[in-house]
Amino acid sequence: LFRSAEMAPTESVQTFGKKKTAIAVAHCKKGRGMIKINGQPLELLRPELMRWKVYEPILLLGKHRFAHVDIRVKVKGSGYTAQIYAIRQAISKAIVAYYQKYVDEASKQEIKEQLIRYDRSLLVADPRRMEPKKFGGPGARARMQKSYR
């Protein structure tokens with residue numbers, strides 16, 4: 001009846017990445033190097049040009065660091081570019097959190113420094129948001145032209 005009590009707890013961490021209004025949640029657990037985004041493998045991620053942005057943390061740290069973990073990412077909100085930036089941040093934060101919790105502090109620190117040296121947005125969220133449009137103009141700051149004659 002209570003099987004979950006007998007089963008050993010799986011080594012897993014949950015992290016998130018954000019960009020604009022896109023939120024990506026990554027589940028990282030012990031496995032065999034599989035990375036899936038919204039249930040699809042990383043290789044099918046569209047658009048193709050942006051796929052390399054998601055590969056950055058993997059290429060930067062080397063495939064050997066991802067060989068013994070499975071990462072599942074769920075992403076929603078915003079547009080596809082912001083979603084890709086949220087995914088790469090979630091993957092980077094997931095591997096750092098996994099190494100901190102289940103491997104050792106020294107390798108976690110090494111990974112963290114390597115990622116930050118390349119691009120700080122891999123671990124730190126970008127706080128910029130769209131400013132709401134106001135009346136009297138076509139955008140947030142732009143005003144209508146004033147005519148004197």
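The model is predicted, so local features need pLDDT of at least 70 and side-chain atom pairs count only at pLDDT 80 or more, while totals for chains, interfaces and linings use all residues. Residues are numbered from 1 along each chain as its sequence is written, and side-chain values use heavy atoms, with hydrogens and water left out.

**Stop 1: Lys19**

Select Lys19, in strand β1 (residues 12-19). Helices (H or I, at least four residues) and strands (E, at least two) are DSSP runs, numbered from the N terminus. Is Lys19 buried or exposed? Lys19 is buried, at 17% relative accessible area; buried means under 20%, exposed over 50%, and partly exposed in between (1.4 Å probe, protein chains only).

Now show the side chain of Asp126: the Lys19 side chain makes a polar contact with it at 3.1 Å. A polar contact is a pair of N or O atoms within 3.5 Å; within protein, one must be able to donate a hydrogen and the other to accept it, and residues adjacent in sequence count only if both atoms are side-chain atoms. Leaving aside neighbours within four places in sequence, Lys19 is in contact with residues including Ser78, Tyr85 and Arg128. Contact means heavy atoms within 4.5 Å.

**Stop 2: Thr21 and Ser78**

Thr21 is exposed, with a relative accessible area of 55%. Beyond its neighbours within four places in sequence, Thr21 is in contact with Lys76, Gly77 and Ser78.

Select Ser78, which sits in the loop between β5 (69-76) and α4 (80-102). Ser78 counts as partly exposed, at 40% relative accessibility. Its phi is near 60°, a positive value in a residue other than glycine.

**Stop 3**

Look for Asn38 in the loop between β3 (35-37) and β4; the residue is partly exposed, with a relative accessible area of 41%. Then move to Pro47, in the loop between β4 (40-41) and α2 (48-61). The peptide bond from Arg46 to Pro47 is cis, with omega near -5°. Most residues other than glycine have a negative phi, and most peptide bonds are trans.

**Stop 4: α2 against α4**

Display α2 and α4, which pack at an angle of about 15° with their axes 8 Å apart. Axes are lines fitted to C-alpha atoms, for helices over the stretch in contact, and angles run from 0 to 180 degrees between N-to-C directions. That angle makes α2 roughly parallel to α4; angles under 35 degrees count as roughly parallel, over 145 as roughly antiparallel, 65 to 115 as roughly perpendicular and the rest as oblique.

To view the contact, select residues including Met50, Val54 and Leu61 in α2, and Ile84, Ile91 and Ile95 in α4.

**Stop 5: α4 against α5**

Among the residues that make the contact are Arg88, Val96 and Tyr99 of α4, and Ile111, Leu115 and Tyr118 of α5.
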